[in-house]
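Keep the structure open as you read.

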Amino acid sequence: MDINVAQLFQTINLNVIMPEVILSVLGMALLLVNVFIPSKSKVYLAWLSLVGIVGAGFAAVSGWGIHLESFSGSVVQDNFAIFFKLIFLVAAGLAVLISEQYMERENCNHGELYPIILFTTVGMMLLASGTDLMTIFLGLELMSISLYILAGFNRDNIKSTEAGMKYFLLGAFSTGFLLYGMALVYGVTGTTRISKIATLISQMSNPADNSMLLIGMFLLLTGFLFKIAAAPFHMWTPDVYEGAPTPMTAFMSAGPKAAGFAAMLRLLLVAFPAMKAEWTDLLWILAVLTMTVGNFTALRQDNIKRMLAYSSIAHAGYALVGFVAANATGTSGILFYMLSYAFMNIGAFAVIILVGKQGEPNGTVMDFAGLGMKRPLLAATMTLFLFSLAGMPPTAGFIGKFYLFSGAVQEGYIWLAIIGVLNSAASVYYYLRVIVYMYFKPSEQEFEWVTVTAPIALALVVSAAGTLIPGIIPSYILQFAQQAVKLI
Amino acid sequence: MSNILSVMTFLPVVGVLLLLFIPKGNNGVLRSVALVTTLVTFLVTLPVLTGFQTNADFQFVENVPWIAAGPFAMRYNIGIDGISFWLVILTNFIMPIAVLSTWTAVEENVKEYMICLLLLQTGMLGAFVSLDLFLFYIFWEVMLIPMYFIIGIWGGKNRVYAAVKFFIYTMAGSLLMLVALIYLYFLGSKAGITDFSLLHFFDLKVDPGTQTWLFAAFALAFAIKVPMFPLHTWLPDAHTEAPTAGSVILAAIMLKMGTYGYIRFAMPLFPQAANQFAPVIATLAVIGIIYAALVAMVQEDVKKLVAYSSVAHLGFVMLGLFALNEEGVTGALLQNLNHGISTGALFLIVGFVYERRHTRLITDFGGLSKQMPIFATIFMIITLSSVALPGTNGFVGEFLILVGGFESSLRWWTIVASSGVIFAAVYMLWMFQRVMFGELDNPKNQKLEDLNAREIIIMIPLLIMVFVLGVYPNPFIEKMTPSIKKVIAHTRVEPVITAKVAAPAEVTAPVVPAATPAQHESATEPQPAAEKPAGH
């Protein structure tokens with residue numbers, strides 16, 4: 001391969017990766033600024049990051065509807081990437097807002113937190129916009145390595161350190177699978193460009209008979225299934241979610257999961273549509289397994305972070321239902337659901353942060369006893385998030401599930417939809433359990449330590465609005481999601 | 001006013017917004033605001049009551065686009081016809097009574113309580129007026145949330161169990177209905193239907209095999225709500241634990257949601273399956289009638305007894321619906337109202353006693369009639385109405401159901417069910433005797449005070465309705481008849497023709513008897529109803 005350097009530079013259009021550029025530059029600048037900011041004033045870093053995130057959001061939105069490629073086609077700006085970038089920015093913005101108070105309380109408010117969140121976001125964005133296996137891998141690594149740090153960010157806490165270590169070891173292992181898969185796919189097709197892989201596969205007479213390609217694809221899938229915490233690759237989730245600092249758990253549950261789905265969607269729908277029969281069969285089984293394992297294990301959890309960890313596994317299962325459907329309804333459902341999930345899940349974690357006490361970051365469901373009467377507004381917000389997670393109307397969670405399951409029904413996967421809704425009904429039990437404690441149990445405490453600071457209040461308002469409003473008037477977001485999946 | 005139904009449906013939400021701005025603890029103000037809201041909502045219903053035309057069309061229709069994305073288009077499509085008309089009135093009639101009944105019963109968290117009651121009203125009204133399947137589903141689910149809180153926060157000892165059971169039972173059933181709903185939509189979209197509008201789906205011809213499954217999913221969701229044997233187990237728990245207003249609303253309105261669901265959705269949408277399932281449902285209904293009556297007989301708790309009587313009464317309603325003739329369905333719908341009034345009143349009565357004595361055990365009472373003569377009179381009238389004494393409302397409904405059932409293919413079921421009438425008399429009158437007559441030997445009962453003015457005021461409208469419906473039910477029946485005829489014409493499948501329909505193409509149209517061409521026309525032509533201003 002002869003590379004003409006001059007020609008290569010001509011293909012670079014920085015506008016395509018403008019959101020990434022903004023966040024990277026800001027992240028590096030903040031690392032420097034951090035040195036000069038006294039440890040009491042780290043909150044300024046949070047606000048600066050937020051400004052950058054909003055700016056990146058504008059940069060991303062400005063490209064809506066304009067299809068651009070850059071770096072000789074290895075990164076793309078399309079509606080699909082932009083929609084996902086917005087999901088990541090929402091997750092990052094909310095994570096930044098809910099971090100300060102918690103980190104301050106746990107004495108680990110190091111300024112590096114915010115740049116690392118930004119770098120994670122850049123990684124996720126590359127995952128969504130990468131159209132080359134190499135770009136996707138770069139994005140995945142940038143995201144994952146930053147996440148390992150974030151999981152272990154409370155370095156004086158043994159659980160947090162354990163979470164970081166565990167996530168790193170298992171994550172590295174899964175990356176190995178992914179790389180191996182990429183190597184095999186490259187071996188068969190001779191290219192890492194997704195569009196070219198697609199062309200080559202479509203020219204094969206029977207791609208499913210090519211075992212190297214098949215194994216390659218499944219290994220690739222394995223890598224991503226690990227990231228989205230699908231069963232049976234979910235074992236890391238409860239421990240990491242429990243140990244990681246709560247704001248980072250919130251971030252991890254929303255952003256990287258969506259990023260995993262973004263890359264998986266692009267890979268499977270663009271590169272491997274010819275092998276749809278193979279991967280839908282596998283994902284059908286995994287969707288059922290993931291939903292069921294997640295929900296039924298969550299039923300038994302007292303620790304609220306572990307419960308939400310299993311619940312996040314179950315939610316990955318619901319999203320996989322949309323994947324199996326692989327039609328516009330299902331895939332746009334995934335996009336809508338990931339956005340809603342970012343709002344409702346981070347919102348729920350924000351309440352958990354507020355109710356938690358210093359030094360006891362791992363609250364149980366019982367700690368919520370009596371919150372409903374002592375802190376009605378906070379409890380009402382939590383109730384909204386929980387009902388949305390359970391898929392009750394009129395919340396975004398319901399509309400998302402409706403579209404996911406509709407996609408499955410549309411393609412004739414009735415049983416998958418039925419298993420999905422029955423799972424949903426089972427999940428109601430553990431979400432209600434929190435509500436039961438908040439409202440139906442007498443309070444043993446006054447919750448006098450619960451102080452809602454401005455950033456976290458803003459996060460709660462935004463999450464509540466993002467959970468409720470799309471539940472009542474979902475048309476716009478759904479239409480955007482459908483435009484987004486049209487291009488891939 | 002063309003959007004009067006919307007105004008009515010969402011007025012309680014306005015009340016909720018007002019309540020939010022009233023500080024906690026101002027119980028008097030909170031109660032008054034809630035009461036005024038429900039009263040205003042009732043007043044808003046009056047133009048509906050007077051403006052409703054006696055025909056089979058949907059009236060006061062509002063139809064605007066709501067969600068449009070991808071394969072789906074949901075519309076905010078509401079309206080009422082003879083089937084939903086009285087249920088809407090009943091809801092708005094019962095709500096002020098329910099609010100007034102909690103005046104002194106609920107002392108803690110009054111604000112939240114009233115908010116829940118008002119949200120519940122919006123949910124119920126919305127479900128009754130929805131003509132869009134998706135919109136109906138939303139209201140149907142939303143209704144659960146306030147009721148869950150009402151039972152869970154203000155309920156009795158075992159309230160958490162009852163509330164969670166209520167919620168999950170209902171939710172599991174509805175979710176399967178949701179899948180059926182989605183499936184139905186895609187069937188419709190293949191036939192050119194582009195939205196969730198109920199009227200369009202009435203004309204959809206679904207092949208019999210598919211109908212069976214779809215009907216089963218809908219029927220399950222509604223059967224849980226009715227509740228039908230053997231899915232009734234949540235009901236005694238929920239009723240016993242719920243506070244008085246919760247029980248009243250649950251019995252008077254929410255259970256009607258199940259029977260309403262059958263006659264509005266499950267039966268006319270899937271007529272062949274409805275005919276096919278009629279014996280099964282009739283069997284369950286009859287088992288429900290007899291079983292619930294027997295269980296009611298041995299209850300020690302008055303409230304539980306009334307709860308089981310609900311199961312029996314709704315068994316009659318189901319039997320009447322599936323008789324699928326005019327008498328049966330009319331009786332069923334009338335009995336829906338009667339049950340709302342009588343059982344609602346019974347729960348209020350139980351509430352009065354419970355508020356005074358904090359017990360509901362039959363053995364704790366006896367001879368109350370000596371101490372509380374007004375109470376005794378009212379209780380007697382309601383009891384007699386519940387056991388369907390001629391002259392009271394219960395008689396008309398049950399009589400029509402039995403007549404209808406006897407004329408239909410469900411004759412033998414009806415014969416068995418009639419024995420339920422006797423059982424009802426046994427358990428109700430026996431309970432009444434043990435509570436009200438005999439020696440006033442319990443010293444705690446000797447100081448009981450008779451009903452106060454507020455309690456009497458609550459009961460008066462109900463008593464009036466007992467006699468009005470019992471003596472002169474015609475105006476009520478008249479409003480319903482055209483719609484009932486239309487539904488029956490649409491749903492009824494003569495056995496001979498059922499056998500012929502091997503090709504899924506003809507389900508409804510050829511089946512309609514030649515005598516009712518007009519109704520058939522309006523069944524296939526929903527647009528005129530939407531356009532007609534219906535007198536407003």
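Start in chain A, where the crossing of H4(A) and H19(A) is left-handed. Left-handed means that the near helix is turned anticlockwise from the far one by less than a right angle; clockwise would be right-handed. Helix H4 spans residues 79-105 and helix H19 residues 454-472. Their axes lie 8 Å apart, at an angle of about 145°. Axes are lines fitted to C-alpha atoms, for helices over the stretch in contact, and angles run from 0 to 180 degrees between N-to-C directions. The helices (H or I, at least four residues) and strands (E, at least two) are DSSP runs, numbered from the N terminus.

Which residues of H4(A) and H19(A) make the contact? H4(A) brings A:Leu94, A:Leu97, A:Ile98, A:Glu100 and A:Gln101. H19(A) answers with A:Pro455, A:Ile456, A:Leu458, A:Ala459, A:Val462 and A:Ser463. Residues are in contact if their C-beta atoms, placed from the backbone, lie within 7 Å. By class, this contact has eight nonpolar, two polar and one charged residues. Ala, Val, Leu, Ile, Met, Phe, Trp, Tyr, Cys and Pro count as nonpolar, Asp, Glu, Lys and Arg as charged, and the others, Gly among them, as polar.

This is a predicted model: local features need pLDDT of at least 70, side-chain atom pairs count only at pLDDT 80 or more, and totals for chains, interfaces and linings use all residues. Residues are numbered from 1 along each chain as its sequence is written, while chains are lettered from A and ligands numbered from 1 in the order in which they are written.

Now move to chain B. Helix H6 (residues 144-154) and helix H11 (residues 244-269) of chain B cross at roughly 145°, and their axes come within 10 Å. H6(B) uses B:Met147, B:Ile150 and B:Ile151; H11(B) uses B:Gly246, B:Leu250 and B:Met254. Five of these residues are nonpolar, one is polar and none is charged.

Next, look where the chains meet. Chain A gives 29 residues to the contact and chain B gives 27. On the chain A side, helices H14 (328-355), H17 (396-410), H18 (414-440) and H20 (475-486) each give two or more residues. H18(A) gives the most, with 12 residues. That side has 21 nonpolar, eight polar and no charged residues.

Finally, step back to chain A as a whole. Chain A has 20 helices and two strands. Its C-alpha atoms fill a box of roughly 70 × 55 × 40 Å, taken along the principal axes.

Conventions. Two residues are in contact if their C-beta atoms, placed from the backbone, lie within 7 Å.
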